[in-house]
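I opened my notebook to record what I looked up in one structure, entry by entry.

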Amino acid sequence: LAKTSKVPEGVPWVGKDAGRLFAETHDVLSTSASHYDTLEGDYAFTDKRILTDPYHEHVIHKYLPRRIAPMIPDLQAEVALDFDAAWGTNTDEWKEIKVGDSVLSMLSQAVNRMILGLPLCRNEDLLSTMRAFTMDIVMTGFLLRFVPRWLRFIAGPLATLPNKYHYWKTTKYTKPLIAERLKNIQKKEEDPSFEWEPPNDFVSWSILLAKAENRSDELTVDMLSRRIMPIEFAAIHTSSITITNCLLDLVSSDPSKQYLEGILEQSNSILAQDNGQWTKAGLARFDTADSALRESMRVSNFMTQNLVRKVVAKEGISNPTEGWHAPYGMTLSVDMHDIQHDPEVYPDPETYDAFRFSRPEEESQSKIANGTANERTANGTTNPAPKALGLVQTSDSFLPFSHGRHACPGRFFIAMEVKMFLSYMLTNYDIERLPSRPKKKTFGGTVLPPSDATFKVRRKKGTVKA
Ligand code: HEM
């Protein structure tokens, strides 16, 4: 460690804090270089520039967390439409739902409300092509792994023919949208009285930021349409697998724990105070749903490793405590599964305890309510009321969204989306409980929910508007 002077002093190598090393030392361990390798950046996204300069990530980091609040009413409406279409409005009969497929289809619509806005987010031809493209990226990584480097210049372009085809198909829809957006944003700049506002979505954000930063190379219709593709990839499958896992964890949990009832009760109470509309403040108070997802991401995560980083310091990096050296070019990662199943951090770590993260605050609130909050501890001090750990809070022991400067910026979107999703689902549908958790399937370091997992749902009486 002494030889690798770029690692800040005091950054720990082992134990629960090791995540900090990976999160904070960019000139030693690189995130974008590892993404480039893992995702076959030379070929997968149809143009090398997409991952050599991941400008789309910069756009999302800059805009998404700040622009999400005004999106809430649109997303709430989208969730309702998606559920009504996918799960139906029949109050008499139970319907069997293929959980993974159903969530994937609903999520790609909701996510594209943020990426492309209306009306394209409801265009099923476009959405299915986007989903096909995201699977192409997974396949490219899988296929090229078996091809030696010196053969990649032939195998790469051949293996990514589907990627090019699907990207080309999406441009039928995205390029006209982008051309119009560019024209209108330009017109608005020249004439502020022009009665038009840029829609609050990724396409507008990309144009506005590239203009503000004088990135003319990013302002072509071609480049803007290519930039959409890695965001689709980052957003669609990660979210749908995560929400599928959460639903399966909840629906197969012990009914006596009353998790579904607890989430519904809190949703009803917040919506009653806020006239049936979700708001940023209302969603922030919905901590049972937040905790249910955070706990599912802890116990049922689809990644076993995270914070994948490539060693980019020429001298490599050494760990004298454990006695190893990782040379320049090697890839390292953090064993997220082990950390998130450590009984010292998470008591009873194999159990899905939906309210693990919201319970401490709830207990302290009830102590405040019954006047025992300020009871003295053995050493005479009073304990500060614990705060619920929110989904978006990453830490050394909660890593599904990574940690540090490159922590997933999409988590702010997911936190809001899931809460509206669970609220609508529990308010409007009866759900038949599963007797046990459908078994996860392991593929290398990836653990997926079974694609054939189903449960039955029925629309609740009195919830269908005439
Ligand atoms: C539950 C859903 C999601 C999960 C589990 C997830 C997880 C992750 C992880 C593990 C990373 C890698 C960070 C690293 O290498 O350190 C990442 C990066 C990223 N994610 Fe997500 N993500 C999710 C949803 C989304 C959504 C909806 C978006 C939408 C815009 C998004 C956008 C991004 C971007 C732009 C990056 C790159 C950040 C950077 O390298 O600076 N993600 N995500």
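I began with strand β3 (residues 305-311) and strand β6, which pair in the antiparallel sense over four bridges. I noted that strands pair if DSSP finds at least two bridges between them, and that strands (E, at least two residues) and helices (H or I, at least four) are DSSP runs, numbered from the N terminus. Within this pair I found Arg309, whose bridge partner in β6 is Leu332.

Before going further I wrote down that this is a predicted model, in which local features need pLDDT of at least 70, side-chain atom pairs count only at pLDDT 80 or more, and totals for chains, interfaces and linings use all residues. Residues are numbered from 1 along each chain as its sequence is written.

I then placed the pair in its sheet, an open one of three strands in the order β1-β3-β6 with antiparallel pairing. Because β1 (29-30) and β6 (331-335) stand at the edges with a single partner strand each, one side of each is left without a neighbour in the sheet. Helix α2 (residues 31-38) lies across β1, β3 and β6, and runs at about 100 degrees to β3. For such angles I noted that axes are lines fitted to C-alpha atoms, for helices over the stretch in contact, and that angles run from 0 to 180 degrees between N-to-C directions.

Next I looked at another open sheet, in which three strands follow the order β2-β10-β7 and the pairing is antiparallel. Here β2 (95-98) and β7 (429-431) are at the edges, each with a single partner strand, so one side of each has no neighbour in the sheet. The twist averages 40 degrees from one strand to the next. I found four bridges between β2 and β10, where Glu96 has Lys456 in β10 as its bridge partner. Between β7 and β10 (residues 454-459) there are three bridges; Tyr429 stands opposite Arg459 in β10, and Asp430 has Arg458 of β10 as its bridge partner.

How do helices α12 and α17 pack? I read that α12 (residues 259-273) and α17 (residues 411-428) pack at an angle of about 105 degrees, with their axes 9 Å apart. They are therefore roughly perpendicular to each other, a term that covers angles of 65 to 115 degrees. The contact (C-beta atoms, placed from the backbone, within 7 Å) is made by Leu260, Ile263, Leu264 and Ser267 of α12 and Leu422, Ser423, Leu426 and Thr427 of α17.

Which residues come nearest to the ligand? Of the 23 residues around the ligand, I listed Ala235, Thr238, Ser402, Cys408 and Gly410 as nearest, where being near requires a C-beta atom, placed from the backbone, within 6 Å. The elements giving two or more residues to this shell are α4 (55-67), α11 (221-251), β3 and α17, and the largest share, six residues, comes from α11.

Last, I checked confidence: the chain averages a pLDDT (the predictor's confidence in each residue, from 0 to 100) of 90, and 89% of the residues score at least 70. The pLDDT stays under 50 over residues 1-9, and is below 50 over residues 11-18. The model scores ipTM 0.99 and pTM 0.90.

Methods
Angles under 35 degrees count as roughly parallel, over 145 as roughly antiparallel, 65 to 115 as roughly perpendicular and the rest as oblique. Two residues are in contact if their C-beta atoms, placed from the backbone, lie within 7 Å.
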